[in-house]
Amino acid sequence: MKRLKTYSPYKYLCSKQLNLSDFGLEPVENCVRKFLKDCKNNIKPVNLFKFIEFTFNTVKMVLNDYSSYYSNHIYTQPKLFTILAIKIYTNCTYRELTDLLELSDKLKDYLGLKKIPHFTTIQKFFKRIPTKVINDFMDLILSKHELKCEIISMDGTGFTNDYADKYYAKIRNKERKSYVKYHATIDVETRLILHQSAQRGPRYDTKFALAAIRGVKKYKPHYILADRAYDTELIRKCINEETGAFDQIPIKTRAKTGHYRLNSPTIFRPVVYSKRNNSESVFSVMKRKFDGTNHSRSLIMSIKETKLKGLIYNIYRTIQIS
């Protein structure tokens, strides 16, 4: 019996070009889009690449390539900081971050990564980086804007520290979560953070007020807004005498003494004070996009994480303005 020919040499020697879709797999770009869609925030890849480009090009002015002459010189500090910023921006974990870098060839090519860093490398870099770098980076971003700052608002909020699930906390009677008290001074027109500070909570907002006022007096504001909790004679005196601005703070009903407190109703403008809600808007964006819960275990790292979120917000807002 003659055997039938079951294959064609032409078919196998001159096969067509195959891609991932022929094997039932998705292309790399689709994987990245799906990963970003599955994140807690709906992030567009175009906005993510704009954020990476701005962060990577700007952080080079603040950080040296390597922290020590004796380091391994595998990853530069600007690259690691940019990767850390991507983690905060996408609101993902360290392990999910390495998966994102593995999927995206475009990110690896732009950052010049021949090898994806282990997630512990990024953790150790975050632990090693000083808070002064975050402050210097914040000043550099603000220097890129022509800020008039006629109206400045200040307020405080809290970022919860939570790294244990509810069941674990309940069986040990530790359901009450500690938090970091965050205070920010904001330019009402651009909604940029001009000054930030963070300490262990609970803490009164008035403890941050004097340092915040002296930190923004170089902008020469015309009005400084705050809620009723800031109604003290010392804060009003600092605003009027040291900055030359008018305080827009509602007076408490029990106020009976103090020169600036008793004269405040004559200079209070409800239309100007209504813009104080911009502070709440900034806090809302920070907590919705970058998470209102810190996952650092120690207090020092939690405070640093909170300030880093304020820096990432300024980068995010700068891209929106530009």
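In this predicted model, Asn91 counts as buried, because its relative accessibility is 13% and the cut-off for burial is under 20%. Asn91 is placed in the loop between helix 4 (77-90) and helix 5. Its phi is near 60°, a positive value in a residue other than glycine. A positive phi of about 60° is also found at Arg191, again not a glycine. Arg191 belongs to the loop between strand 2 (179-187) and strand 3. With a relative accessibility of 33%, Arg191 counts as partly exposed.

A cis peptide bond links Gly201 to Pro202, with omega near 0°. Pro202 is located in the loop between strand 3 (193-200) and helix 10.

Helix 5 (residues 94-103) packs with helix 7 (residues 119-128) at an angle of about 120°, the axes being 9 Å apart. Helix 5 is therefore oblique to helix 7. The crossing of helix 5 past helix 7 is right-handed. Helix 5 contributes Tyr94, Arg95, Leu97 and Thr98 to the contact, and helix 7 contributes Phe119, Ile122, Gln123 and Phe126. By class, the residues of this contact comprise five nonpolar, two polar and one charged.

The buried residues in helix 11 (residues 233-243) are Ile235, Arg236, Cys238, Ile239, Asn240 and Thr243. After helix 11 comes Gly244, with a positive phi near 75°.

Conventions:
Residues numbered from 1 in each chain as written. Predicted model: local features only at pLDDT ≥ 70, side-chain atom pairs only at ≥ 80, totals over all residues. Heavy atoms only, no water. Axes fitted to C-alpha atoms, helices over the stretch in contact; angles between N-to-C directions. Helix = DSSP H or I, 4+ residues; strand = E, 2+ residues; numbered from the N terminus. Parallel < 35°, antiparallel > 145°, perpendicular 65-115°, else oblique. Left-handed = near helix turned anticlockwise from the far one by under 90°. Contact = heavy atoms within 4.5 Å. Nonpolar A, V, L, I, M, F, W, Y, C, P; charged D, E, K, R; others polar. Buried < 20%, exposed > 50% of the residue type's maximum accessible area, 1.4 Å probe, protein only.
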